[in-house]
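The sequence and structure are shown first.

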Amino acid sequence: ILPILDKYVNTTNKKILDIGCGSGTLSLYLASKGNTVHGIDISKRAVYTSNKSAKELGLKNVSFEVLDFP
């Protein structure tokens, strides 16, 4: 999936909403490329893990929130 993301998100400074981000792997990848990313998921555990990973990686341009998307 990374080659597809790189094809369509080939520049930095984009604002990206990742609906159903799960553990945040793709959000973290996109943030590491210089984009601002907000990930949402209904799983509290997944969001906790995502926030922890972002902190460990030192990424300040990504955030995660527990939210149900209708």
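## A serine in the interior

Leaving aside neighbours within four places in sequence, serine 27 is in contact (heavy atoms within 4.5 Å) with Asp18, Cys21, Val37, Gly39, Val62 and Phe64. Serine 27 belongs to helix α2, residues 25-32; helices (H or I, at least four residues) and strands (E, at least two) are DSSP runs, numbered from the N terminus. With a relative accessible area of 0%, serine 27 is buried; buried means under 20%, exposed over 50% and partly exposed in between, with a 1.4 Å probe and protein chains only.

The model is predicted: local features need pLDDT of at least 70 and side-chain atom pairs count only at pLDDT 80 or more, while totals for chains, interfaces and linings use all residues. Residues are numbered from 1 along each chain as its sequence is written, and side-chain values use heavy atoms, with hydrogens and water left out.

In soluble globular proteins, nonpolar side chains tend to be buried together.

Apart from neighbours within four places in sequence, valine 62 is in contact with Ser27, Leu28, Ala31, Val37 and Ala54.

## The start of the chain

Isoleucine 1 lies in the segment before α1 (2-8). Isoleucine 1 is exposed, as its relative accessible area is 64%.
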